[in-house]
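Let's walk through this structure together, starting with how its parts meet and ending at a single side chain.

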Amino acid sequence: MNKVLEYFKQIYTKPIFQKITVYGWIYNYEYQLIGSALPYLFEKLDITENLAFPTNTNRPQTIKEKKYIVIHDTGDTSLGRGAKYWSQVVKEQKYENKLYEASFQYVVGNDGIYHNIPDDEVAYHAGDGTKYDYTLYDTHIKQANDCKLTIKEGYYYINGQNTNIKVPDAPKALTTSDLNDNGILCVVQNGTYHLGETYFNQTYQKIANRGGNNNGIGIEMCIDEKTDLYLNYQRLAKLCAMLLDKYHLDLSSIRPHHYFSGKDCPMTARKNHLWDHFMKLVEVEKAVLSFIKEGYEINLIPKSSNILSSGRIINDCHNICFIVTTKKDNIEESYEFSWESPSC
Ligand SMILES: [Zn+2]
């Protein structure tokens, strides 16, 4: 068995089957999330270019180096509010006849993936302003197993040692509990910990990271009612894998909007604890992309009627059966997966 089929065999697990609440700013809805045959979406990445007008104020055309992929959801649960709808909002900078000042590079939905702002330009989605770029400050603290960050008397501490880096200005004395849920940027360079630029977000009362708008590629995921939500997560993961590869970024470059502002976004993924599952999807997409780049053609052939050739499970997930085929240098191989169960 070749390494591709071996890999799929290895990652094949029971599909996720979870009742969730989808959170919108107008209304929430209950949803049965059903995973796919494999945590890989057997579909080509298809992106529709629909760039915002260069005269728009939500497209300043400032070029910046990209260090992050910033994940959002639209928070718009209304029927029909898919990717095309939100892409047009950015393009025309108009939402319900009012000026729409925000922008983001991509929006992902059941109706496709739309590209609104060129990747290398600044967009307004992260809530951290555009004054500060991705910057690292050397703490001179030697690398250990883990970068455990705390705050004491106005300074950041790593693993109990004072970094001599002050916490940002705030109307109150900041403590460790004021950090956003995803922490602050801490990377190792030349054997010592370096911290990123931080600030205190007044709206969400959290210490957050800079560089979201300037150095991030912002992606919105649609959560409109009646959408196949899991398909959107998989398409989002596939888009992320392509961008990681294209810009030579690693998985840690993918951050939720929350990291840059303290906002509860992407809210549905956060509240239903789906972030780690989503990151696993990105990891798989990235691995399979590397096989495709080596020249493998990879397909799924459904053998049971509850599976589409994309791997999406429809209706129910009893008795799943499918074949994965690979072709490289005219050598074809396949492996049959089958799984019998009374329920997911
Ligand atoms: Zn957001």
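A polar contact is a pair of N or O atoms within 3.5 Å; within protein, one must be able to donate a hydrogen and the other to accept it, and residues adjacent in sequence count only if both atoms are side-chain atoms. The model is a predicted one, in which local features need pLDDT of at least 70 and side-chain atom pairs count only at pLDDT 80 or more, while totals for chains, interfaces and linings use all residues. Residues are numbered from 1 along each chain as its sequence is written, and side-chain values use heavy atoms, with hydrogens and water left out.

The chain splits into domain 1 (35-127 + 212-293) and domain 2 (136-197), with bounds from an automatic or database domain assignment. Their C-alpha centres lie 29 Å apart. Where they meet, 6 residues of domain 1 are in contact with 6 residues of domain 2 (heavy atoms within 4.5 Å). Between the two domains, 3 residue pairs are in polar contact, both residues at pLDDT 80 or more.

The interface also has 1 salt bridge, meaning a side-chain nitrogen of Lys or Arg within 4 Å of a carboxyl oxygen of Asp or Glu. D181 forms a salt bridge with R270, and their closest N and O atoms are 2.8 Å apart.

Now turn to K238. Is this lysine buried or exposed? K238 counts as buried because its relative accessibility is 8%, and buried means under 20% relative accessible area (1.4 Å probe, protein chains only). Leaving aside residues up to four places away in sequence, K238 touches Y40, L41, E43, K44, L45 and E285. The K238 side chain reaches the backbone oxygen of E43 at 3.2 Å.

Methods:
Buried < 20%, exposed > 50% of the residue type's maximum accessible area, 1.4 Å probe, protein only.
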